[in-house]
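Reader: I am new to this protein. Could you walk me through it?

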Amino acid sequence: MTEGEEWRNWVVDEGGNGQRIDKWLVSLDGVTWSRMMVQAWIRAGRVRVNGREVKVNYRLKEGETVALSVPPVEEIHIEPEAIPLDIRYEDQDVIVVNKPRGMVVHPAPGNPRGTLVNALLAHCKDLSGIGGVIRPGIVHRIDKDTSGLIMAAKNDEAHQALAAQLKAHRVERVYTAVVHHEIPHDRGTVDAPIGRDPHHRQRMAVVHRTGKRAVTHFVVRERFRDATLIECRLETGRTHQIRVHMQYIGHPLIGDLVYGPKKCRYPIRGQALHARVLGFEHPRTGERIRLEAELPQDMERLLAQLRAESL
């Protein structure tokens with residue numbers, strides 16, 4: 001064990017008997033690790049069962065001792081940038097921002113600057129480190145070309161509490177979207193697993209054998225000649241979930257050039273998707289906070305055009 005590492009130990013109970021070790025570790029109470037993160041730790045030799053390194057698919061037995069060496073948080077080398085932020089809530093623990101369409105959430109190869117994280121570091125000076133060097137403070141994310149409410153944690157305790165709420169489906173997330181074609185029924189639920197598209201690795205898709213469970217509830221708010229305004233509530237939070245699910249049922253989002261038509265004749269750059277409502281329990285006080293962000297101007301213009309064409 002090197003300096004700065006933290007070792008944690010558990011004894012496998014009856015409920016863990018026969019479970020894969022990676023799946024069991026992410027199911028433990030109070031943890032915020034992703035399964036992908038745990039699998040990387042296992043491959044790096046940071047997980048041991050009864051003192052021995054194991055493989056990712058190792059099946060546990062009741063009574064075994066599992067030890068995990070959590071790597072120390074690396075220092076972040078992200079340049080703070082004084083980018084204006086539309087802040088909708090802020091205190092010593094949490095900040096909620098109304099992100100504009102076109103802004104990347106966190107730095108990545110090809111997008112090292114101009115991101116939400118760059119802006120948050122300049123504004124807050126400090127964020128939680130649980131997200132590692134790439135996503136400091138970011139508890140959940142929304143796509144570059146999706147607008148709306150996103151929260152970040154200012155300390156590790158807040159991050160852990162908010163991440164636990166997400167995992168337990170206690171965070172309210174409501175999106176407004178405009179999709180192609182008229183949806184005939186007034187409401188519906190798409191319960192279809194999402195995973196990496198086996199034919200296009202940069203995309204996600206409904207993948208029944210290896211995908212993770214994904215559930216989207218939607219309600220029709222307005223119909224147009226060849227489009228529909230809907231409200232979506234996320235029960236789960238998979239990558240591109242609403243975009244993939246609406247394509248799956250034959251109603252891709254207007255402006256979504258990845259999952260919908262390759263050309264868009266409407267006045268919007270990016271998918272017509274807006275994270276309108278965000279509700280959560282404050283990590284320190286337990287108070288229920290519910291925030292709403294009005295539709296951006298590009299979606300209002302899109303709706304005005306659709307209404308005019310439907311007359």
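Here are some questions and answers about domains and salt bridges.

Author: Welcome! This is a predicted model, where local features need pLDDT of at least 70 and side-chain atom pairs count only at pLDDT 80 or more, while totals for chains, interfaces and linings use all residues. Residues are numbered from 1 along each chain as its sequence is written, and side-chain values use heavy atoms, with hydrogens and water left out.

Reader: How far apart do the C-alpha centres of domain 1 and domain 2 lie?

Author: Domain bounds come from an automatic or database domain assignment. Domain 1 covers 7-69 and domain 2 covers 87-309. Their C-alpha centres are separated by 31 Å.

Reader: Which residue forms a salt bridge with Glu-90?

Author: A salt bridge is a side-chain nitrogen of Lys or Arg within 4 Å of a carboxyl oxygen of Asp or Glu. For Glu-90, the closest N and O atoms of the pair are 2.7 Å apart, and the partner is Lys-154.

Reader: Is Lys-154 buried or exposed?

Author: Buried means under 20% relative accessible area, exposed over 50%, and partly exposed in between (1.4 Å probe, protein chains only). Lys-154 has a relative accessible area of 17%, so Lys-154 is buried.
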